[in-house]
Amino acid sequence: MFEPKSCTYTYLLGDRETGEAVLIDPVLETAPRDAQLVKELGLRLLYAVNTHCHADHITGSGVLRSLLPGCQSVISRCSGAQADLHIEDGDSIRFGHFALETRASPGHTPGCVTFVLNDHSMAFTGDALLIRGCGRTDFQQGCAKTLYHSVHKNIFTLPGECLVYPAHDYHGLTVSTVEEERTLNPRLTLSCEEFVKLMDNLNLPKPVQIDVAVPANMRCGVQTPPS
């Protein structure tokens, strides 16, 4: 599912047999849409999961706890944000017969994680790895060198056919593969030194919503945002 203002993708994964489901990177404004879809499909949302503390939108995990009782908010412990459940590298989030493995992928922020389905068929990479790109590293304690090594160590080591689903895309693309990004990503095919130099000189404008989004997201996992 897509939120156009911040170009954010939200992913719903469900087990047909048990009806248990997880939602990855919900957005506040589209949380009612997500909740409606969960109900229409007859699913029971166990977790509203964030790949990191976003700077370009307010998470929908807080309001989803109210819209879908029983849903828990989830974020990395390294993010410093509040949530019902804090996860760390190697932890698994189980829903029905499936599980998402947590792989630390810091660099865009210290708390970034990638969620990998237990059969390694798909990876939800947040802002760490985008399609032919990656998240910026010039705010929120970002570090280009850390991002480079975490992507190469924890994402590019997945099977080449593993599908890559990012948190954002600004060019109309929806999915890639590990092999595509490992060989074609114009940033992450550089040497580490070249990558750091490139990232340090992007000179990007500050995200429009950062001053509102980051403080809200630090607590929004456990707080219903005001209407």
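The following legends describe close-up views of a predicted model.

Figure 1. The UniProt record, an unreviewed entry, places the feature "domain: Metallo-beta-lactamase" at residues 7–168. In the predicted model, the end C-alpha atoms of residues 7–168 lie 5 Å apart. The span is 17% helix and 31% strand.

**Figure 2. The open sheet of strands S3 to S7.** Five strands make up this open sheet, in the order S3-S4-S5-S6-S7, and their pairing is mixed. Strand S3 (11–14) and strand S7 (85–87) are the edge strands, each of them pairing on one side only. On average, neighbouring strands of the sheet are turned by 25° against each other, direction ignored. Strand S6 (residues 72–76) and S7 run parallel and are joined by three bridges. Within this pairing, Ile75 has His86 in S7 as its bridge partner.

Figure 3. S3 and strand S4 (residues 20–24) run antiparallel, with four bridges between them. Leu12 stands opposite Leu23 in S4. The two faces of S3 can be told apart: Tyr11 and Leu13 belong to the covered face, whereas Leu12 and Gly14 belong to the uncovered one. Five residues lie between the strands of this hairpin, in which Gly19 takes a positive phi near 80°.

**Figure 4. An aromatic cluster that includes Tyr11.** Ring pairs link Phe2, Tyr9, Tyr11, Phe124 and Tyr165 into a cluster. A pair of aromatic rings is described by the distance of the centres and the angle of the planes. The model holds seven aromatic pairs. One of them is formed by Tyr9 and Tyr11, with 6.2 Å centre to centre and 35° between the planes, and is classed as tilted. Both Tyr9 and Tyr11 are buried. Tyr11 also lies on the covered face of S3.

**Figure 5. The open sheet of strands S8 to S13.** Six strands form this open sheet in the order S8-S9-S10-S11-S12-S13, with mixed pairing. Strand S8 (92–95) and S13 stand at the edges with a single partner strand each, so one side of each is left without a neighbour in the sheet. Strand S12 (residues 163–166) pairs with S13 in the antiparallel sense, over two bridges.

Figure 6. Thr177 is placed in strand S13 (residues 176–177). Is Thr177 buried or exposed? Its relative accessible area is 17%, so Thr177 counts as buried. When residues up to four places away in sequence are not counted, Thr177 touches Gly160, Glu161, Cys162, Leu163 and Val164.

Figure 7. In helix H5 (residues 192–199), the buried residues are Cys192, Phe195 and Met199. Seen down the axis of H5, these buried residues fall within an arc of 60° and therefore line one face of the helix. Glu193 and Lys197 are exposed on the other side of H5. An α-helix has 3.6 residues a turn, so residues three or four places apart point the same way. The cover over the buried residues of H5 includes helix H3 (144–154).

**Figure 8. Helix H3 and its cover.** The buried residues in H3 include Ala144, Leu147, Tyr148, Ser150, Val151 and Asn154. What covers the buried residues of H3 includes strand S9 (98–104) and H5. H3 in turn is part of what covers the buried residues of H5.

Figure 9. Most residues other than glycine have a negative phi, and most peptide bonds are trans. His120, a residue other than glycine, has a positive phi near 60°. Its place is the loop between strand S10 (113–117) and strand S11 (122–126). With a relative accessible area of 27%, His120 is partly exposed. Arg132, which is not a glycine, has a positive phi of about 60°. Arg132 is found in the loop between S11 and H3. Its relative accessibility is 31%, so Arg132 counts as partly exposed.

Definitions and conventions
Residues numbered from 1 in each chain as written. Predicted model: local features only at pLDDT ≥ 70, side-chain atom pairs only at ≥ 80, totals over all residues. Heavy atoms only, no water. Phe/Tyr/Trp six-rings, centres within 6.5 Å; stacked < 30°, edge-to-face > 60°. Buried < 20%, exposed > 50% of the residue type's maximum accessible area, 1.4 Å probe, protein only. Arc of directions from axis to C-beta. Contact = heavy atoms within 4.5 Å. Pairing = 2+ DSSP bridges. Axes fitted to C-alpha atoms, helices over the stretch in contact; angles between N-to-C directions. UniProt positions renumbered as here; feature names shortened; annotations may be inferred.
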